[in-house]
Amino acid sequence: MDSEAGQGATPHQDDDRTVIALVDDDRNILTTVSIALQAEGFATRVYSDGEAALSALLGNPPDLAIFDIKMPKMDGMELLRRLRDHSPLPVIFLTSKDDEQDEEAGLQMGADDYIAKPFSLRLLLARIRAILRRSDARRPLPIEPGELASEVIERGRLRMDPARHHVTWDGKPVSLTVTEFLLLEALALHPGVIKSRNQLMDAAYPDDVFVDDRTVDSHIKRMRRKFRSVDNQFSAIETLYGAGYSFSDG
């Protein structure tokens, strides 16, 4: 496992592998996730707190970073805030199960996605690949089950380009996380069709990952808020109480 001792290498020289930085004060998570990522062909750099990570992330940027939110010295929120002053580096947050307020704040500050602990390594790998595909065209990555499709989707005022992870409403960009994108894609591919929460979970999460109804509802609520920031009359995502959600392109 690579560590802080390897900070001095120039960017992207970890045997020409995609480099993932892990920042967490939990040594077990650092070790487990690093081994899993290396088994998938990634190079890893690990840091036990935000202070140790910041200068390395700015001076020798990886391809993507994964932050725990709650850390000593400098937490993940502060680390992201300082990082975003200088860098668009893709970031995934690790959060506690019920930290919806932290998740919201992190996404507003520029995190690309979040995953609640305890998490599935398969889910983490799927999110990493999807985010890298949209942010780094220099290295083609194989499409895994549950990841983004390639054809542009146009439904009324909505336009989705999965290859670029780009969404517009009435020509105005809407920034979605990977999870939000996958949920919207599942709805927009079949306008007018009611999708149950279980069907939406299947579209956004690997088969071995369980999430409760509140998780899907939280994503939908956050997604609506983003669309309403560009169109306060947005109502294309409809709730059918007791049944699920549908997308209207009318």
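Strand 10 (residues 237-240) and strand 11 (residues 244-247) run antiparallel and are paired over four bridges. Two strands count as paired if DSSP finds at least two bridges between them. Strands here are DSSP runs of E with at least two residues, helices are runs of H or I with at least four, and both are numbered from the N terminus. Three residues sit between strand 10 and strand 11, and Gly242 has a positive phi near 85 degrees.

A quick note on what you're looking at: this is a predicted model, in which local features need pLDDT of at least 70 and side-chain atom pairs count only at pLDDT 80 or more, while totals for chains, interfaces and linings use all residues. Residues are numbered from 1 along each chain as its sequence is written, and side-chain values use heavy atoms, with hydrogens and water left out.

| Hairpin | Bridges | Residues between strands | Residue with positive phi |
|---|---|---|---|
| Strand 7 (residues 158-161) and strand 8 (residues 166-169) | four | four | His165, about 50 degrees |
| Strand 8 and strand 9 (residues 172-173) | two | two | Asp170, near 55 degrees |

Thr168 turns up in both pairings: Arg159 stands opposite Thr168, and Thr168 stands opposite Pro173 in strand 9. Now for Asp161, which lies in strand 7. Is Asp161 buried or exposed? Asp161 is buried, with a relative accessible area of 7%. Buried means under 20% relative accessible area, exposed means over 50%, and partly exposed is in between (1.4 Å probe, protein chains only). Leaving aside neighbours within four places in sequence, Asp161 is in contact with Val152, His166 and Phe181; contact means heavy atoms within 4.5 Å.

**The cores**

A nonpolar core is a set of buried Ala, Val, Leu, Ile, Met, Phe, Trp, Tyr and Cys residues joined through side-chain atoms within 4.5 Å. The largest one has 48 residues, and Ile128, Leu184 and Phe227 have the most contacts inside it. Helix 6 (residues 178-188) supplies the largest share of this core, eight residues. That helix is mostly covered, with 11 of its 11 residues buried. Again skipping neighbours within four places in sequence, Phe227 touches several residues, including Leu158, Val167, Trp169 and Leu184. There's also a second, separate core of 21 residues, and among its members are Ala21, Ala53, Leu54 and Ala65.

**The parallel sheet and its helices**

Five strands form an open sheet in the order 2-1-3-4-5, with parallel pairing. Which strands are at the edges? Strand 2 (43-47) and strand 5 (113-116) are, as each pairs on one side only. Strand 4 (residues 91-95) runs parallel to strand 5 and is joined to it by four bridges, with Ile92 and Asp113 as bridge partners. Helix 1 (residues 27-39) lies across strand 1 (19-23), strand 2 and strand 4, at about 170 degrees to strand 2. Axes are lines fitted to C-alpha atoms, for helices over the stretch in contact, and angles run from 0 to 180 degrees between N-to-C directions.

Finally, the axes of helix 2 (residues 50-59) and helix 3 (residues 76-84) come within 10 Å and cross at roughly 20 degrees. That makes helix 2 roughly parallel to helix 3, because angles under 35 degrees count as roughly parallel, over 145 as roughly antiparallel, 65 to 115 as roughly perpendicular and the rest as oblique. Among the residues making the contact are Ala53 and Leu54 of helix 2 and Leu79 and Leu83 of helix 3.
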